[in-house]
Amino acid sequence: MMQQLLLQLAPPPAPTLDNFVPGRNAAALQVLRDIAAGSGNERFVYLWGEPGSGRTHLLRGLAQAARARNALYLDGIPENAVADDGVIAIDEVQRLGADDQIRLFDLYNRARAAGGALVASGDAAPAQLALRADLRSRLAWGLAFQLHPLSDAEKAAALRAHAHERALALPEDVIAYLLLHARRDMASLIAILDALDRHSLEQKRLITLPLVRSALEAMKDKPCSTP
Amino acid sequence: MERFWLSCLSRLENELPAQQFNTWIKPLRLDSKTPSGQIALLAPNRFVLDWIKNRYLARIEAMAAEYFSSPIRVSLAMAQTEAAAKPAPASITEPARRRSGGHEKAGLIPEFTFDNFVIGKANQLARAAGLQVSEHPGTSYNPLFVYGGVGLGKTHLIHAVGNNVLAQHPTAKVRYLHAAQYISDVVRAYHQKSFDEFKRYYHSLDLLLIDDIQFFSGKDRTQEEFFYAFNALIEAHKQVIITCDTYPKDISGIEERLKSRFSWGLSVGIEPPEQEMRVAIVQKKAEAISVRLDEEVAFFIAKHIRSNVRELEGALKSVIAFSRFNGKDISLDLAKEALKDLLSVQNRQISIDNIQKTVAEFYKIKISDMHSKKRSRNVARPRQMAMALAKELTQHSLPDIGDAFGNRDHTTVLHACRTIASLREKHTEINHDYHVLEQVLKG
């Protein structure tokens with residue numbers, strides 16, 4: 001009961017374009033801002049990168065920023081998905097099954113005809129996606145960006161920003177410790193930080209190195225889930 | 001003369017595939033008014049004329065020389081009926097309407113025209129056929145069946161036909177749609193029980209452009225409806241243009257009666273563009289958006305992106321976006337930088353195992369040395385190199401990396417990273433090794 005309450009009190013901050021730490025991905029971020037604002041030249045964008053490079057964050061952030069343009073974040077394609085002149089953000093295209101691929105193909109063509117925008121993400125460069133050739137070549141048609149994971153310094157900055165948003169005091173030695181001891185993709189780091197936040201509330205202790213050590217030890221057996 | 005032509009026809013019929021013979025040779029007529037000692041052939045249109053001139057005229061002349069035992073000139077001209085066929089069908093001569101409205105309703109993209117369709121060996125026949133059909137819809141080749149791989153310009157071509165027809169006959173009922181859309185129209189008509197309306201609409205078109213007909217595969221109801229629409233349009237001499245990813249005979253999951261009808265008219269293929277054409281495409285696309293592009297840049301893009309036109313266009317967009325974002329002019333170096341990610345075929349997941357194996361092979365040591373306790377330099381240095389690469393190229397935690405190298409401590413990994421970093425600064429060879437390994441691992 002108590003744990004449930006704590007979870008409800010501390011919802012993770014929603015990913016937005018503003019709280020994305022761009023690192024080397026500033027150009028991609030700018031293009032998405034343009035799409036959200038309905039300005040920019042390019043309506044079709046494809047983002048690829050390894051897990052934790054920020055694909056989902058950017059797509060969710062885009063959907064949030066482009067609310068005024070009827071933006072939709074999709075993971076998988078609902079049968080009745082319609083494209084108009086709005087914004088569609090479709091995540092993890094490499095996982096789409098045969099039927100979903102046809103739906104996305106159709107969605108793409110309609111968005112193109114109706115003046116909409118479609119931003120997709122996947123785990124490989126557009127030409128390397130194991131998808132229908134007609135869909136693959138369409139994804140390669142727009143602007144493609146590889147998302148590069150952050151450097152250690154950028155990750156530290158991202159953790160600081162995340163902690164700041166949650167009004168969490170995060171000592172520098174804890175950040176350094178996390179970067180040396182934890183999985184270093186942003187999704188894992190953020191998940192750990194969120195778990196630490198809950199842990200510190202439950203234990204009524206500040207986040208300090210000793211607390212983090214014991215918490216990471218405790219987490220070792222159960223792999224932390226990514227948000 | 002007549003006897004020669006008949007023998008020539010029968011020989012060509014044996015030499016050529018039936019489809020080619022029927023398309024090109026059969027429509028030719030011998031001009032009866034020609035003085036003796038000459039052979040004059042009449043082609044039904046400019047398209048056939050050009051095609052015969054380029055492909056078959058030499059063969060016909062050789063046959064004539066053989067038949068008459070002396071060289072003889074074979075001339076080609078357009079048949080007079082061509083001019084007579086020009087007036088448009090009655091249904092499309094009503095007063096002109098607003099043009100833009102026509103495009104929108106027709107589902108046509110006004111930017112896809114013949115003017116900006118880049119021609120090369122790969123698509124010249126398809127383009128010529130499209131142009132011919134757009135000038136004489138319903139009377140030259142019906143249906144026109146355009147086949148080829150993805151992103152080669154099939155859609156551009158048929159939009160160009162539609163736009164050209166609308167330009168000449170602003171009131172023509174033109175409709176472009178993707179096969180998937182036709183399928184959903186059928187489904188909707190089925191649910192709303194509005195098949196009469198559906199039929200009325202499709203059967204009333206002057207020009208139907210339908211893209212990616214292979215989508216009809218396995219859709220029986222759609223195929224049946226399309227069969228009726230197709231027959232109605234062809235019988236009324238209304239033009240039908242179809243695109244597909246393969247030759248009519250090879251489409252799977254399509255009824256035989258439809259397939260055979262698809263090859264009634266003319267089937268033309270579009271091949272992937274050769275390099276010169278790719279350069280031209282890149283230049284034309286850049287020109288269209290008023291971007292200045294040096295030839296060497298266009299050449300670089302065309303050399304590295306080979307598969308299809310869409311990818312070519314995507315690569316050009318990346319270069320332009322990179323130049324705008326960084327506020328630098330487009331140069332060869334900038335293009336290389338902009339396309340770096342796109343061109344490096346990323347080995348999707350680089351694993352620690354993979355790094356250990358690659359590094360061991362590179363330095364000619366055993367993989368087991370990656371895990372061993374040996375500390376001699378010839379083993380320890382490669383091991384440090386592999387650890388540094390593992391930190392750089394994977395997202396594993398340092399303790400995990402240490403574990404993978406024979407249960408070493410994370411501080412050992414950290415030490416290895418620092419050692420390699422400082423060695424790379426001092427020794428160009430080690431720096432070089434690092435880059436080579438990084439490149440091999442990234443693919």
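Across the interface of chain B and chain A, the rule finds two salt bridges, a salt bridge being a side-chain nitrogen of Lys or Arg within 4 Å of a carboxyl oxygen of Asp or Glu. A:Glu42 and B:Lys317 form a salt bridge through their side chains, at 3.7 Å from N to O.

Helices H9 (179-191), H15 (309-326), H17 (340-343), H20 (377-393), H21 (398-404) and H22 (410-426) of chain B each supply at least two residues of the side that touches chain A. Helices (H or I, at least four residues) and strands (E, at least two) are DSSP runs, numbered from the N terminus. With nine residues, H15(B) gives the most to this side of chain B.

The model is predicted: local features need pLDDT of at least 70 and side-chain atom pairs count only at pLDDT 80 or more, whereas totals for chains, interfaces and linings use all residues. Residues are numbered from 1 along each chain as its sequence is written, chains are lettered from A and ligands numbered from 1 in the order in which they are written, and side-chain values use heavy atoms, with hydrogens and water left out.

In total, 37 residues of chain B are in contact (heavy atoms within 4.5 Å) with 40 residues of chain A.

Chain B also holds an open sheet of three strands in the order E1-E2-E3, with mixed pairing; two strands pair if DSSP finds at least two bridges between them. Its edge strands are E1 (29-30) and E3 (74-78) of chain B, each pairing on one side only. E1(B) pairs with E2 (residues 39-43) of chain B in the antiparallel sense over two bridges, and B:Leu30 stands opposite B:Leu41 in E2(B).
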